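I opened the model today and kept notes. The entries follow my order of looking.

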Amino acid sequence: ADLLVARGDWDEARLESEAALRVRRQVHGDRHADVGRSEIQLARILLGLGRASSAESRARAGLDILVETLPADHWSTSDARSVLGMTLAALGRPDEAETLLVRGYEELRTSVGADHPRTRTAADRLDAFRERGDGPR
């Protein structure tokens, strides 16, 4: 799905991501980290399609699964917090969004380092949030 997003084919990425999520649920059940990661990927795609409400439910579901199944300091959980924060910002909920964006970024910086691509992406999300005027400058 990431390649399809990079090409700008968001609808096809959504379909592929939904199919992958179905397969992962069949293989692993509903409460597995791979299912949580798939929910987060789908949330990112739905947000890219302008479907923030649908993205929120996927991001919350994914984060819940990851918190339940992974160690507290795992990068996937931190990334999921950042994605949920971005989704809440799109829904006009800046206070909730900022808390998650900051926490996700700080946790990623601690767990995988400031130069890691996921950390840079989380920093970009936080910067974009603040540049839009949604948060403090």
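Which residues of helix 4 are buried? I found Ala52, Ala55, Glu56, Ala59, Gly62, Leu63, Ile65 and Leu66. Buried means under 20% relative accessible area (1.4 Å probe, protein chains only). Their cover includes helix 3 and helix 5.

I noted the sources next. This is a predicted model, where local features need pLDDT of at least 70, side-chain atom pairs count only at pLDDT 80 or more, and totals for chains, interfaces and linings use all residues. Residues are numbered from 1 along each chain as its sequence is written, and side-chain values use heavy atoms, without hydrogens and water.

I then checked the span of helix 4. Its 18 residues, 52–69, reach 25 Å from first C-alpha to last, close to the expected 26 Å. The expected span is 1.5 Å times one less than the number of residues.

I listed the elements: seven helices and zero strands. Helices are DSSP runs (H or I, at least four residues) and strands likewise (E, at least two), numbered from the N terminus.

I looked up burial overall. Buried residues make up 42% of the 137 residues.

I turned to the largest pocket. A pocket is an open set of points on a 1 Å grid where a 1.4 Å probe fits, with protein on both sides within 12 Å along at least five of seven lines; lining residues have an atom within 4 Å of a point. I counted 22 lining residues, with Asp2, Arg37, Gln41, Arg44 and Arg118 nearest the centre. Helix 3 gives the most to this lining, seven residues.

Technical notes: Buried < 20%, exposed > 50% of the residue type's maximum accessible area, 1.4 Å probe, protein only. Contact = heavy atoms within 4.5 Å.
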